[in-house]
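Thanks, everyone. I will go through one model this morning, element by element, and then stop at a few backbone details.

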Amino acid sequence: MSNETLRQQLALLYKLQEHDRELLSIHRRFQAIPRHIKQLEANVTQHKDSLTAKSGELAEVEKSLRSKNADLEMNEVQREKFKSEQREVTTNEAYSALEKQIEFLDDKDADTEIEILELLEKADQLKEELQKLDSEVASENEKIKEQTDQFREEQKELKASLDAKMEQRAKFLPKIDKQLSILYRRWIERQKGDFIALGKNGTCGSCQLTIQPQNLKEAQKYEKLVYCASCKRVLYVEPHSPEIPFP
Ligand SMILES: [Zn+2]
């Protein structure tokens, strides 16, 4: 490779690196979206579960209420039975015994009625809470739906720009020397970050350390690949002449 060719190659590779950096960042955003959507869906499920739990609590209270009312009705039947028996007994003793049974039922009913009042109060409170929760959940879910739609929209946009970037890359890649692009790919695959470091004002743009004068001199010749002594990246240094484009 001639000097100018190598300089141009470094410039192209640097461009590719910048392009790939953008591509990777879009790709990361793109890949994160399903996770975001999943999290939102989990929130919807959580809301649904809390509504179900609250409704279940209310159903339990209503069930207890029905059972307490049934107790009252059953006692009423029993009470009528005792009363009609009282009309037929012939001894005071038997009459008093039935009276005691009736009093026992009355006491029980009094307790039950207090329990019913408490349950009614509890049911009212739960209904109120349920209504509040219901409207909270509805507005939360509305927000979640909006956010999910936004994510899906972003997902589509990112996919489109990814496709465009990949297409650009495929067109750009043949301009780069095979050997160089292999070295670049290997470096990237080892996830070492930038392959090319810009050298400006005698400093490596990647590790920010001063490029050794001998190295700098070599790099400015563009005869062969020169590596930063500290971060081992390929140096693409500022040319001597300001007329030569950089980077
Ligand atoms: Zn360096």
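Let me begin with what lies over the buried residues of α1: the cover includes α2, at 92–172, α3, at 178–189, and the strands β1, at 196–200, and β3, at 234–237. Keep in mind that this is a predicted model. The buried residues themselves are Arg7, Gln9, Leu10, Leu13, Leu16, Gln17 and Val61.

Now the helix as a whole. α1 runs over residues 3–88, which is 86 residues. From its first C-alpha to its last it reaches 128 Å, close to the 128 Å expected at 1.5 Å a residue. There is a kink, though: about 25 degrees at Ile33, shortly before the proline Pro34.

Next, the packing of α1 and α2. Two packed helices are described by the angle between their axes and the distance between the axes. Here the angle is about 165 degrees and the axes are 5 Å apart. Angles over 145 degrees count as roughly antiparallel, and α1 and α2 are therefore roughly antiparallel to each other. The crossing of α1 past α2 is left-handed.

Is Lys48 buried or exposed? Lys48 has 12 C-beta neighbours inside 10 Å, so Lys48 counts as exposed.

On to α3. How do the end C-alpha atoms of α3 compare with the span its twelve residues should have? At 1.5 Å a residue the helix should span 16 Å, and the end C-alpha atoms are 16 Å apart, which agrees. Of those twelve residues one is buried, so α3 lies largely in the open. Just after α3, Gln191 takes a positive phi of about 50 degrees.

That brings me to the backbone. Most residues other than glycine have a negative phi, and most peptide bonds are trans. Asn201 is not a glycine, but has a positive phi of about 50 degrees. Asn201 sits in the loop between β1 and β2, the latter at 203–204. With 9 other C-beta atoms within 10 Å, Asn201 is exposed.

Gln208 is another case, with a positive phi of about 65 degrees, and again not a glycine. The loop between β2 and α4 holds Gln208. Gln208 is exposed too, with 10 other C-beta atoms within 10 Å.

As for peptide bonds, a cis one joins Phe246 and Pro247, with omega at about -10 degrees. Pro247 belongs to the segment after β3.

Last, Tyr227. Where is Tyr227 found? It is in the loop between α4, at 213–221, and β3. Tyr227 has 15 other C-beta atoms within 10 Å, so Tyr227 is partly exposed. Leaving out residues up to four places away in sequence, Tyr227 touches Lys232, Arg233, Val234 and Leu235. Tyr227 and Cys204 are 23 residues apart in sequence, and 9.9 Å apart from C-alpha to C-alpha.

That is the end of my part. Questions, please.

Key. Residues are numbered from 1 along each chain as its sequence is written. This is a predicted model: local features need pLDDT of at least 70, side-chain atom pairs count only at pLDDT 80 or more; totals for chains, interfaces and linings use all residues. Helices (H or I, at least four residues) and strands (E, at least two) are DSSP runs, numbered from the N terminus. The expected span of a helix is 1.5 Å times one less than its number of residues. The bend at a residue is the angle between axes fitted to the seven residues ending there and the seven starting there. A residue is buried if 20 or more other C-beta atoms lie within 10 Å of its own, exposed if 12 or fewer, and partly exposed in between; C-beta atoms are placed from the backbone. Two residues are in contact if their C-beta atoms, placed from the backbone, lie within 7 Å. Axes are lines fitted to C-alpha atoms, for helices over the stretch in contact, and angles run from 0 to 180 degrees between N-to-C directions. Angles under 35 degrees count as roughly parallel, over 145 as roughly antiparallel, 65 to 115 as roughly perpendicular and the rest as oblique. A crossing is left-handed if the near helix is turned anticlockwise from the far one by less than a right angle, and right-handed if clockwise.
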